[in-house]
Amino acid sequence: MIAVVLRDDMPACVRWEILMHERFSDVWICKDLGRATTRADPAELGRAVLAAYLTGRDSRGETFRVLVRTDHGHHLVITTAQLTDRGWEADPALCQALPAYLRNALTRHQSREEAGTPPT
């Protein structure tokens, strides 16, 4: 018999889906998905994923959210309303768990904010 012990300090696989609401049919469409093995807080990871995905995109009139699922069977939904804190910034250690294209988008966005230049 093999015993599997899960502890909170063990890295867990976190999966996310970036969803866009299609208002005419009233359904959520998966625009992107990913996963990472990390000790990071799933809510913070979800915020970083959504912020990075929306960086540099014209999302006017669209509604986006991120559905985050953990190995432990928990799931949570991150909406754009949870990104409104002007002082929020993704933790650099957390960004390392993101795929390169999301990590790079956040890095470019934070560099522009520090320099005071508008997004392109």
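Predicted model: local features only at pLDDT ≥ 70, side-chain atom pairs only at ≥ 80, totals over all residues.
1. Two strands pair here if DSSP finds at least two bridges between them. Strand β3 and strand β4 (residues 75-79) pass it with five bridges, running in the antiparallel sense.

2. β3 and β4 make a hairpin, with four residues between them. Gly73 sits in that turn and has a positive phi of about 85 degrees. On to another partner of β3: β1 is joined to β3 by eight bridges, and the two run antiparallel. Val14 has Thr70 of β3 as its bridge partner.

3. Now for helix α1, residues 42-54. Its end C-alpha atoms are 18 Å apart, and at 1.5 Å a residue its 13 residues should span 18 Å, so the two values agree. The helix is mostly covered, with twelve of the 13 residues buried. Among them are Pro42, Leu45, Gly46, Val49 and Leu50. After α1 comes Gly56, which has a positive phi near 80 degrees.

4. Leaving out residues up to four places away in sequence, Arg47 touches Ile78, Gln82, Leu83 and Trp88.

5. Which rings pair up in this model? A search of the whole structure turns up one aromatic pair. The partners are Tyr53 and Phe64, with ring centres 5.8 Å apart and planes at 55 degrees, so the pair is tilted. Tyr53 belongs to helix α1 and Phe64 to strand β3 (residues 63-70), so the pair ties together parts that are eleven residues apart in sequence. Tyr53 is buried at 7% relative accessibility, and Phe64 is buried with a relative accessible area of 8%.

6. Please also check the arginines that lie over rings. Arg57 is over the face of Tyr53, at 3.8 Å from the ring centre. Elsewhere, the charged end of Arg65 sits over the ring of Trp28, 3.9 Å from its centre.

7. In soluble globular proteins, nonpolar side chains tend to be buried together. The largest nonpolar core of this model has 27 residues, of which Trp16, Val66 and Leu106 touch the most other members. The elements giving two or more residues to this core are β1 (12-22), α1, β3, α2 (92-95) and α3 (100-115). The largest share, nine residues, comes from α1.

8. A last point concerns backbone geometry. Most residues other than glycine have a negative phi. Where does Asp26 lie? Asp26 is in the loop between β1 and β2 (27-38), and its phi is positive, near 55 degrees, in a residue other than glycine. With a relative accessible area of 56%, Asp26 is exposed.

Definitions and conventions: Residues numbered from 1 in each chain as written. Heavy atoms only, no water. Phe/Tyr/Trp six-rings, centres within 6.5 Å; stacked < 30°, edge-to-face > 60°. Buried < 20%, exposed > 50% of the residue type's maximum accessible area, 1.4 Å probe, protein only. Lys NZ or Arg CZ within 6 Å of the ring centre and 35° of its normal. Contact = heavy atoms within 4.5 Å. Expected span 1.5 Å × (residues − 1). Core = buried A, V, L, I, M, F, W, Y, C linked by side-chain atoms within 4.5 Å.
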